[in-house]
Structures are given as structure tokens and as C-alpha cells.
Amino acid sequence: MTRAADGIRCMMMRGGTSKGAYFLADDLPADTVERDDLLLRIMGSPDARQIDGIGGAHPLTSKVGIVSRSAGPDTDVDYLFLQVGVDQPVVTDQQNCGNILAGIGMFALERGLVAAGTDLTTVRIRMVNTDSVAVATFPTPGGRPRYDGDLAIDGVPGTAAPVEIAFSDTAGSTTGALLPTGNVVDEVEGVKVTCIDNGMPSVLVSATDLGVSGTEQPTDLESNSGLAERVRAIRFAAAALMGMNDVAESTVPKVVLLSPPLNGGTIGTRSFLPVRVHTSIGVLGAQSVAAGIAIPGAVGHDLACLPAQGEPFRIEHPTGEFVVRIDFVPGTTDVASSVVYRTARKLFDGLVFPRLP
């Protein structure tokens with residue numbers, strides 16, 4: 001690891017609808033306290049504007065991916081996701097991030113951790129946060145990642161090359177069960193909820209049960225102080241039922257407000273992060289919503305226009321929709337695997353200079 005004063009090797013990438021700083025593990029301190037302090041200074045936290053760092057003043061743009069070669073034979077690289085607080089001096093590994101994941105295979109190839117395929121490259125990624133595996137496949141003509149392409153994803157301007165991400169073991173990856181409480185429906189803080197974990201522990205709530213339509217813009221929901229307090233209370237109570245203990249400084253579980261789809265999709269969503277409202281929805285959050293509403297009797301099941309067998313779920317969000325295909329164990333609502341398509345783009349590669357302690 002180089003001295004911070006000499007700069008830290010860093011690649012900034014947009015992954016899906018997020019943006020983050022990507023590092024090799026060897027370029028950061030091994031001690032987690034020292035590492036987290038360094039990352040706070042790199043991102044410019046705590047400061048609502050992150051004016052003295054490379055963070056983008058929003059949870060979706062204050063993210064870090066740390067990558068190393070896998071020690072085991074079943075995966076190529078290990079990926080640790082860290083959510084860096086914006087106005088709080090917090091760095092947490094309590095959740096995964098499927099959007100930052102979209103750039104991990106390309107970053108690993110750029111850094112020489114994996115070899116390129118002829119036209120396509122497949123990278124098997126161990127997601128350290130949940131000890132689960134994702135397989136990313138992306139175009140590599142001439143042995144280099146191709147970033148330009150024709151795939152558009154809602155929430156990102158323009159188009160880019162597709163990244164196929166296949167998941168096979170996300171159900172219960174954080175809590176140990178697809179339905180962490182053992183129930184399809186629980187009642188917390190006077191409302192019915194479905195607690196679901198298909199890669200992202202989530203609490204599904206009907207928007208109308210909280211006095212909103214679920215079609216409001218994120219800023220309108222964020223400015224509703226009464227709603228924020230109810231969401232906070234529901235999150236804490238549901239987390240206890242899910243066996244997650246104290247989540248005051250954690251970003252999970254997410255509370256997701258559900259509403260009928262407006263634009264031909266499967267379900268409408270507004271996802272809390274846990275305080276700010278997502279301008280779209282996370283990869284693993286979309287997978288968890290889809291798995292939850294597929295269960296008869298679950299919150300959102302009766303609001304949804306569920307797809308025919310084999311067809312994808314189209315999860316509507318504030319800036320469009322997120323498409324995810326989920327394969328269920330035949331005859332059940334147990335998740336066998338899922339596939340999403342994302343895009344990623346390298347923004348800069350070089351040295352980042354952290355704020356001095």
C-alpha cells in the first residue's frame with residue numbers, strides 16, 4: 001500500500017444507477033479502522049456536500065467496492081461493498097450492492113486480476129458481505145472491457161454495453177431465510193408488512209397504509225417528517241423480528257413502499273435508503289421485491305400485475321422500471337436463481353488524494 005500523501009490508486013465507475021470508488025484491497029490498509037478513516041477522508045465525509053472529497057453528496061454516489069483475487073477455486077475475485085455515510089462518519093458493510101457489482105468484473109479485468117475471453121468475459125464474483133456468488137458476463141473485444149453499447153437502463157442517461165449478472169444463492173443471504181420472520185405477513189407499528197430477503201433484507205409496506213400514494217417524487221417523500229418517523233419505527237421493529245438486532249447505524253433492512261403499477265409494469269415502488277429515497281431501486285432490492293410479491297398473501301401480492309411464468313418482473317420506480325427475471329423452484333415460490341442486465345462505465349482511473357487527518 002502506498003502512503004496516503006502519495007495518492008491512493010482508485011478507479012471511479014458508474015455501476016448501474018450508482019457511482020462509486022473501486023479499489024484493490026492491496027491498495028488500502030488491512031486494518032478496518034484505519035481503512036474506514038481513510039475512505040471517509042477520500043469521500044469527503046462527514047459533510048452533506050462532500051465538498052472536500054470525491055463523494056457525490058448522496059448515498060447512491062458515496063459507495064466503495066474493494067476487490068481482490070479469490071483464495072478459493074470456485075470464484076475469481078472477492079468483492080467487498082462499503083456504504084460510506086455522507087453527513088455522518090459511518091462506513092458500513094452491512095449490505096451488499098448489486099449496482100456497484102455491475103462494474104466489478106470490468107474493474108478486475110482492468111487491474112489484471114482475471115484474463116479476458118475472446119469476445120465475452122465471464123467473472124465469478126464472491127460477494128463478501130453476504131458470502132454469496134454472482135456471475136458477471138460482459139463484452140471484451142480485443143481483450144479489453146467494452147463500455148459503449150446499446151443497452152439503456154432507466155435512471156441512467158444514454159446507453160452502454162450490457163453486463164449480465166446471474167445470481168443463484170441470494171435467498172436469505174443476510175438473514176438466513178427468504179422469509180426471515182418465518183411469516184408471510186407480520187404486523188409492526190400498526191401496519192401489515194412482509195419481511196423478505198432475496199439478497200437485500202427488505203420490509204414491504206403498502207404505501208396507502210402510511211397515508212401516501214407511493215407515486216410521489218423522492219424529494220416529496222423525504223420532506224414528509226411524519227412519514228420519515230413512521231418508516232424509521234417500522235424499520236427498527238421489523239429488523240428486530242428479522243433477527244437483525246440494532247440497526248441504528250446500518251442501512252438495512254430497506255423499507256419499500258408498494259403501489260399498483262402505473263406504466264404497464266409489475267408493481268410500483270419507493271425504496272428508503274433508509275432515510276433518503278432511492279431515485280430508482282437497487283439490484284438486490286428489486287430482486288427482493290419481486291420474490292416477495294410473488295408469494296400469495298404477501299404485502300403487494302394483490303397490488304401487483306404478476307408476470308406469466310418465465311416472463312420478467314418489471315419493477316417500477318421513480319425514474320422508470322427495473323427488469324429482473326426470477327426462476328422459482330417448480331411448483332413453489334422459493335427462489336432458484338435470478339438474472340439482471342446492468343451497465344457500467346469507467347469514469348476515471350488514477351490517484352485520489354485524501355483529506356489530511
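Helix H6 (residues 283–293) is largely enclosed by the rest of the structure, because eleven of its eleven residues are buried (buried means under 20% relative accessible area, with a 1.4 Å probe and protein chains only; helices are DSSP runs of H or I of at least four residues and strands are E runs of at least two, numbered from the N terminus). The buried residues of H6 include Val283, Leu284, Gln287, Ser288 and Ile293.

The model is predicted: local features need pLDDT of at least 70 and side-chain atom pairs count only at pLDDT 80 or more, whereas totals for chains, interfaces and linings use all residues. Residues are numbered from 1 along each chain as its sequence is written, and side-chain values use heavy atoms, with hydrogens and water left out.

Asn99 lies in helix H2 (residues 98–101) and is buried, at a relative accessible area of 1%. The side chain of Asn99 reaches the backbone nitrogen of Thr17 at 3.2 Å. Not counting residues up to four places away in sequence, Asn99 touches Val283, and also Gly15, Gly16, Thr17, Ser18, Tyr22, Ile281, Gly282 and Arg342 (contact means heavy atoms within 4.5 Å).

Asn96 is placed in the loop between strand E5 (91–92) and H2. Asn96 is likewise buried, with 2% relative accessibility. A polar contact of 3.3 Å links the side chains of Asn96 and Thr130 (a pair of N or O atoms within 3.5 Å; within protein, one must be able to donate a hydrogen and the other to accept it, and residues adjacent in sequence count only if both atoms are side-chain atoms). Residues touched by Asn96, not counting those up to four places away in sequence, include Leu284, Tyr79, Phe81, Met127 and Met200.

Conventions
Buried < 20%, exposed > 50% of the residue type's maximum accessible area, 1.4 Å probe, protein only.
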